[in-house]
Amino acid sequence: MFDEPGARVSRMAMIRLALLAPLLMMAACQSRQRDPNTVVFLIESSPANLDPRVGTDGQSEHIDELIFDGLVARDTHFHFTPALAERWEQPDPLSLVFHLRQGVRFHDGRPMTSRDVAFSITSMRDGTVISPKAAAYASIASIDAPDPLTVVLHLNKADNFLLTNLSTGALGVMPEGSGREFWRHPVGTGPFRFVSQQIDQDVVLERNPLSWTTIPRLARVRFAVVPDAITEALELEKGSGDVAINSLPMDALPVLSQRPDIRVDDGPGTQLQYLAFNVRDPLLKDARVRQAIACAIDRDLLIKTLMGGHAQPAESLLPQGHWAWADTGPHFDFDPARGAKLLEEAGYHAGPDGVRLRLTMKTSSAEDVRLLSAVLQQQLARVGIALDLRSFEFATFYSDVTRGAFQLYSLRWIGGNEQPDIFTHAFSTSRFSPKGANRGHYSNARLDGLLDDAMQSTDQQQRRNDYVEAQRILASDLPAINLWYRDTVVVHNKRLTHIVPTPSGSFAFLETAELSK
């Protein structure tokens, strides 16, 4: 999942929540009776499709990660580790051989074999299901299953990103023959198994006693759909909801943290807020103008006020700690005087009203993005840039963004920025939208060459060198400004313990969580 519109509620609404807090003590006494052994997990929307070949929205992907496994997994530094495949080798650039674990069973008791793995991939490519993920496996020419525990992938071209697309969260291995109605009762090998789903109401999972990994301590989890953030906060206050992650506005956190039965766990996150430019625009094609805008932005103030301190400044698309992350390029930190000087050098002189140039920023109607754009409007005025704000319903806004009909916009990368192919997806000349996410039509021949070399090279150190240089170029040219990584924030009832937030904001903490008696 690459972009998302943002929070669902206004700052004023959360002030209302704070004023209502004294009444919630009485409301808690009236909360409905429910199974004390079931964890109620509050989510903003119903998963679109629990067939992992089809569902690409955040709720589908997060829940699918609990039901299904991929061939490999990723560690905290985004290196690949064993999952359903206990080991693998690449005898040549066009072959990958996976050796599967013995004794793995699906939730219904059937043994998992190489034929299931081959089918799970092939069914996305041969029309068994219509899958938006099919292009991710275009480098696979054919798949062999010579024995029940061996899978051989034959490639038509070198693809250093194929393991990413075979990892848990991207690929879900399912029983051979699973058709288009598989979403109604998905069956995987993951730590939780599917029980039921009521569209726009809930999804229920229970622990998988056949799990090949650690069997979860939680007996059952009910993902309850609560579209309204105020209602979600009230459910947590009343005790009728147990946990929510990254779905509450920052304004709600101080109120909820005051509750004696609620805990707020905060950890580093990988979700990246960014500001993007249309570099074909006559005013923005000069890198000095983009650099001046960066110098006008006080990120520390934005993080403190808009994010309540629940974010960390970002210097790269990749999260810190990633094997390819680097911060070696030039910095354009908050310095309005330097910003004004850059604009002067670019030929934009202040008029009688102090304005050097006028720009337009398009936003969605989501309140958090509108607040961000309003503050940016004030900050850019310090260097002589008059920023006009245009707010649209999200579908209209996103359509304009993908068509390149903008000067500036801001969105978040979610999950997609955890692997270095994000640089190709977002900035390669070959990925102008709609072929990719290069919506601002940035083009740099040197960057393209580095990314092509990194995609084909089998030498990990050479690939890192390519990506380090790519990040240096992007830090100088600034086709987009990396603002901050949003923290992963889990709000939960204290009866739910052993919560370890993941940087990606996944629901994987349910695998280790426990309910206190």
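In helix α11 (residues 394-403) of this predicted model, the buried residues are Phe397, Asp400 and Val401. Viewed along the axis of α11, these buried residues fall within an arc of 100°, so they line one face of the helix. Two helix pairs are also described below: α13 with α14, and α7 with α9.

**Packing of α13 with α14**

- Two packed helices are described by the angle between their axes and the distance between the axes.
- Helix α13 comprises residues 445-456 and helix α14 residues 460-477; their axes come within 9 Å and cross at roughly 155°.
- Because angles over 145 degrees count as roughly antiparallel, α13 is roughly antiparallel to α14.
- The crossing of these two helices, α13 and α14, is left-handed.
- On the α13 side, the contact is formed by Arg446, Leu447, Leu450, Leu451, Asp453 and Ala454.
- On the α14 side, the partners are Gln462, Arg463, Asp466, Tyr467, Glu469, Ala470, Ile473 and Leu474.
- By class, the residues of the contact between α13 and α14 divide into 8 nonpolar, 1 polar and 5 charged.

**Packing of α7 with α9**

- Helix α7 (residues 287-296) packs against helix α9 (residues 336-345) at an angle of about 165°, and the axes are 8 Å apart.
- This angle makes α7 roughly antiparallel to α9.
- The crossing in which α7 passes α9 is left-handed.
- From α7, the residues in contact are Arg288, Val289, Gln291, Ala292 and Cys295.
- From α9, they are Pro336, Arg338, Gly339, Leu342, Leu343 and Glu345.
- The contact of α7 with α9 contains 6 nonpolar, 2 polar and 3 charged residues.

- Leaving aside residues up to four places away in sequence, Gln291 touches Phe332, Leu342, Ser476 and Leu478.

Technical notes. Residues are numbered from 1 along each chain as its sequence is written. This is a predicted model: local features need pLDDT of at least 70, side-chain atom pairs count only at pLDDT 80 or more; totals for chains, interfaces and linings use all residues. Side-chain values use heavy atoms; hydrogens and water are left out. Buried means under 20% relative accessible area, exposed over 50%, partly exposed in between (1.4 Å probe, protein chains only). Helices (H or I, at least four residues) and strands (E, at least two) are DSSP runs, numbered from the N terminus. The arc is that of the directions from the helix axis to the C-beta atoms. Axes are lines fitted to C-alpha atoms, for helices over the stretch in contact, and angles run from 0 to 180 degrees between N-to-C directions. Angles under 35 degrees count as roughly parallel, over 145 as roughly antiparallel, 65 to 115 as roughly perpendicular and the rest as oblique. A crossing is left-handed if the near helix is turned anticlockwise from the far one by less than a right angle, and right-handed if clockwise. Contact means heavy atoms within 4.5 Å. Ala, Val, Leu, Ile, Met, Phe, Trp, Tyr, Cys and Pro count as nonpolar, Asp, Glu, Lys and Arg as charged, and the others, Gly among them, as polar.
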